[in-house]
Amino acid sequence: MKYTVYFLCLLIALSTIISCSNQSSNPNSSEIIEKKDTLAQRADTVVQEPEPEVVKDIEPMQSPENLDELLDNTENIDILPYELDSAMVSILKTSEWRESSNLNTDIVRYLSSCMQDNDLTIEVDHYINTFVMIDSLRSNDLYEDYISNIYIGMTVYAEANVVDKLILSDSTFLLLWMVYTATYEACPHYSGTQIFGTLFYKNRANATLLLGESSGGGDPPYWSTNLTTSMITDSTIQVYQHVQSGGEMDENDNEIVERNLNTYEFVIKGADITERIQ
């Protein structure tokens, strides 16, 4: 009997200890539910971001402040037709046009903001962005650090300049400008000059085309070149693109050279330039 009472007391004591331990480490069920609900509400707050405000009637890109001065100092050419031939394109590859820029990032972005989308402009974004990157490094005194850590395939030179201003009518002119880029002189290597024409109507940029190019590069034995020229009148633009590439050999050990000649025609009417599909 004495042992039975002792055993019952021991069971009661253990039960009390376990009960107290559970109460101290776990809140009651209502508190658990309440805390889970609070966490869920916080998660909803993080995930459910406010919807972006719809912007209507977006204003066109504003003309940079220093563009008017640049245009005023650019010689007007009113003798048409204007031929951007291979000799002219070659001149624009000389050191005179590659050692400094009279265009900055703001102006280049403005002129290229109305770039037309066609087969000639497939790779244009790369050239524009490359100039913007190098120009930004120079503006922030980081270019020398960039050059000191450069490696093959990276761009070393990037310049942008106004070429000519062609007067088409009393209210329109075509501004010719160029971008030159070149990579570190190793394999692979690339250098190129792209000449663009931006149509201004009532002193505002409305459309930009690629009108000329002289570029080339490769990673031996593979190589490619691009020579693009154009003929410009007051109402039409003819663009001629000649692309060559090689590197493969035939069964007789003669190099296989691919040549493609493409012709494009554009019509200028008022503030618009449209491609005439042939």
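I began with the largest pocket and sorted its lining by class, which gave 4 nonpolar, 13 polar and 2 charged residues. I keep in mind throughout that this is a predicted model.

For the space inside the largest pocket I noted about 260 Å³. I then looked up which residues line the largest pocket and found 19, with Glu 123, Tyr 127, Tyr 190, Ser 215 and Ser 224 lying nearest its centre. Going through the elements, I saw that α7, β4 (172-183), β5 (189-201), β6 (204-219) and β7 (222-232) each supply at least two residues of this lining, and that β6 gives the most, with 5 residues.

Next I turned to the second largest pocket, where about 180 Å³ of space lies. I listed 13 lining residues for the second largest pocket, and those closest to its centre are Leu 71, Lys 165, Phe 173, Lys 202 and Asn 203. Two or more residues of that lining come from each of α3 (67-72), β3 (155-167) and β4, and the largest share, 3 residues, belongs to α3. By class, I recorded 4 nonpolar, 4 polar and 5 charged residues in the lining of the second largest pocket.

Last, I looked up Thr 121, which sits in the loop between α6 (105-112) and α7 (124-139).

Conventions
Residues are numbered from 1 along each chain as its sequence is written. This is a predicted model: local features need pLDDT of at least 70, side-chain atom pairs count only at pLDDT 80 or more; totals for chains, interfaces and linings use all residues. Side-chain values use heavy atoms; hydrogens and water are left out. Helices (H or I, at least four residues) and strands (E, at least two) are DSSP runs, numbered from the N terminus. On a 1 Å grid over the protein atoms alone, a cavity is a set of points where a 1.4 Å probe fits but cannot get out, and a pocket is an open set with protein on both sides within 12 Å along at least five of seven lines; lining residues have an atom within 4 Å of a point. Grid points are joined across faces, edges and corners, and a volume is the space filled by probe spheres set on the points. Ala, Val, Leu, Ile, Met, Phe, Trp, Tyr, Cys and Pro count as nonpolar, Asp, Glu, Lys and Arg as charged, and the others, Gly among them, as polar.
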